[in-house]
Amino acid sequence: MKAHRIYALFLRYLYLYKRSLPRFMEILYWPLLDLLVWGFVSVYLARSQKGIPNVVAFFLGALILWDILFRSQLGISVSFLEDVWARNFLNLFVSPLTIAEYLTTLMLASLVKIVLAAGFMALLAWLLYAFDFFVIGVSLVPFIINLVALGWAIGFFTTAVILRFGQQAEILAWGVAVLFQPVSAVFYPVTVLPPVLQTVAKYVPASHVFEGMRAVISGGAFPVSELLWAGGLNLLYLAASLVFFAFLYRGVKKKGLLARVGE
Amino acid sequence: MDERRPFLSEPSSAPVVEVHGLVKDFGKFRAVDDVSFDVRRGEILGLLGPNGAGKTTVIHMLLGLTTPTAGTIRIFGFDLAHHREEILERTNFSSSYVSLPYSLTIRECLLVFAGLYHVRRPKARIKELLETFEMPELGRKQVRHLSTGQMSRLNLAKAFINDPELLLLDEPTASLDPDIADKTRTLLVHVARERKVSILYTSHNMLEMEQISDRLVFLHKGKVIATGKPADVVSAFAGENLEAVFLKIAREKKP
């Protein structure tokens, strides 16, 4: 891998955001709306004394962490779609750029979006609801790493499908991560789910992160076993998504579809 | 020896591109059928044929975008299947039908590609290219606002960004006005003659093909049906000129 090629392609994404207010707003607009809605819901629940301790922290912490997962996946798929929409894919892949460099740049673009969106949400949560996201402490680091890894795995999977099946599959870029939300136990404990879905949730790394987050906010111990399980699953899923991507990429080249991406 | 042009030490007769027995099947359809040719150093090779002849598929295989079903491609002496990166660092491509990132300005766009090809002193190179392609005042203009002709010129500027030793050009003058098209042809001949750049070129402008090609490879239904100097191809088919030969072959509907 060559750093100058990764930097050059990264520069291309920075130029895009520099000039595009809608793209920049996309990073801030939806997080702002989510935070306002869920912030008021949590304030209402806290005031109605339904017996849920730390309800504001539970909801807003979960919301910010979920957004990290969602943004990390969007950062991969939407950055890829930017090249598809611009019909620029062919020019990129007749340059010496390798697929590994391309995917690495998508990950970097995704990290920038995560930092901007999560930083903005954490600041707003503190200003509007006096919730300090960083009260979760050092546990945040493994939580975030796990969510980003899952987001990237979903991102590579959806990107591979779009590469193979074209723009008719681009809805996946926005839809797939949300499929995982009900079984990720973002806003409720896994025990709320029916037994079948509890079993499914066991194999969704995000559910272990959100269970862990609630444990930490409640003053419980650092959820080592939950995070080890989530980390193991993520390694498996990330590797599987890359193998899947490589498999479809080879097929796309064989079918001569790489030159037609975006047509 | 110039470090960027290690092949200068090679004999001038050594082919830069060697294509042997190239086949491409899309399902049961054979798009390219046992195609062999070479491109020598400093040579302009015209690849021509009617629509669907397999020209674009051949170019895509030479660029590593499409995997051949059979056959070998060697460029600069390297097997493309195993040395894609090294080969593409010294190659470039332009097509009138391919876009560049439309939200970027011309200068930003060229800076990105200069980075991808690791161009030294990129700003100076971009300035030089904008002057060569007569658009020095357009550097800050967004690609989305370019006319078709300006877009073609930007594509050509992109193709020259890394000072390539091999240029693959798919109808590069298709959208250019006669003045710029003529200047582009002059530039292509100049870089081939003076800087020994090898050029593989497709066009539907037969006069242009006759004017600038050293040799032609005529494809029809995926097969090579004629190769040689333009005058030899014209006489082999007993035509008045290349356009007459093209029309004869295209309308016969058989190789």
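# Notebook: a two-chain predicted model

**Domains of chain B.** I began with how chain B is divided: domain 1 takes 1–90 + 166–255, and domain 2 takes 96–163. The model is predicted, and I read every entry below with that in mind. I looked up the spacing of the two domains of chain B, and their C-alpha centres lie 24 Å apart. I then checked where they touch. Twelve residues of domain 1 of chain B are in contact with eleven residues of domain 2 of chain B. On the domain 1 side, helix H6 (residues 178–194) of chain B gives the largest share, three residues. That side of domain 1 has six nonpolar, two polar and four charged residues.

**Chain A overall.** Next I turned to the fold of chain A. I found ten helices and zero strands. Read along the sequence, the pattern of chain A is α-α-α-α-α-α-α-α-α-α. I noted the span of its C-alpha trace along the principal axes: about 60 × 40 × 30 Å. How does the radius of gyration of chain A sit against that of a compact globule? For 263 residues, such a globule would come near 18 Å; chain A has 19 Å, which agrees. I also looked up burial, and 43% of the 263 residues of chain A count as buried. Then I checked contacts in chain A with a separation of 6 or more. Residues 24 or more positions apart account for 75% of them.

**Where the chains meet.** I moved on to the contact between the chains. It takes 28 residues from chain A and 26 residues from chain B. By class, the chain A side has 14 nonpolar, seven polar and seven charged residues.

**The largest nonpolar core.** The largest nonpolar core has 148 residues, and Leu65(A) and Leu110(B) touch the most other members. Helix H3 (residues 55–85) of chain A supplies the largest share of this core, 16 residues. From chain B, the core draws at least three residues from each of domain 1 (1–90 + 166–255) and domain 2 (96–163). I followed up Leu110(B). Leaving aside its neighbours within four places in sequence, Leu110(B) is in contact with Ile126(B), Leu129(B), Ala157(B), Lys158(B) and Ile161(B).

**Helix H4 of chain B.** An α-helix has 3.6 residues a turn, so residues three or four places apart point the same way. After H4(B) comes Glu134(B), with a positive phi near 55°.

**Other positive phi values.** That sent me looking for others. Most residues other than glycine have a negative phi. Phe76(B) is not a glycine, yet its phi is positive, about 55°. I placed Phe76(B) in the loop between strand S4 (70–75) and strand S5 (78–79) of chain B. Is Phe76(B) buried or exposed? It counts as buried, because it has 23 C-beta neighbours inside 10 Å. Glu171(B) has a positive phi too, near 45°. Glu171(B) lies in the loop between strand S7 (166–170) and H6 of chain B. With 19 other C-beta atoms within 10 Å, Glu171(B) is partly exposed.

**One residue in chain A.** Last, I looked up Ala149(A), which lies in helix H6 (residues 140–165) of chain A. Ala149(A) is buried, because 21 other C-beta atoms lie within 10 Å. Ala149(A) and Gln73(A) are 76 residues apart in sequence, and their C-alpha atoms are 9.0 Å apart in space. Beyond its neighbours within four places in sequence, Ala149(A) is in contact with Asn234(A) and Leu238(A).

How values were computed: Residues are numbered from 1 along each chain as its sequence is written. Chains are lettered from A and ligands numbered from 1 in the order in which they are written. This is a predicted model: local features need pLDDT of at least 70, side-chain atom pairs count only at pLDDT 80 or more; totals for chains, interfaces and linings use all residues. Domain bounds come from an automatic or database domain assignment. Two residues are in contact if their C-beta atoms, placed from the backbone, lie within 7 Å. Helices (H or I, at least four residues) and strands (E, at least two) are DSSP runs, numbered from the N terminus. Ala, Val, Leu, Ile, Met, Phe, Trp, Tyr, Cys and Pro count as nonpolar, Asp, Glu, Lys and Arg as charged, and the others, Gly among them, as polar. A nonpolar core is a set of buried Ala, Val, Leu, Ile, Met, Phe, Trp, Tyr and Cys residues joined through C-beta atoms within 7 Å. A residue is buried if 20 or more other C-beta atoms lie within 10 Å of its own, exposed if 12 or fewer, and partly exposed in between; C-beta atoms are placed from the backbone. The radius of gyration is taken over C-alpha atoms; the globule rule is 2.2 Å times the number of residues to the power 0.38.
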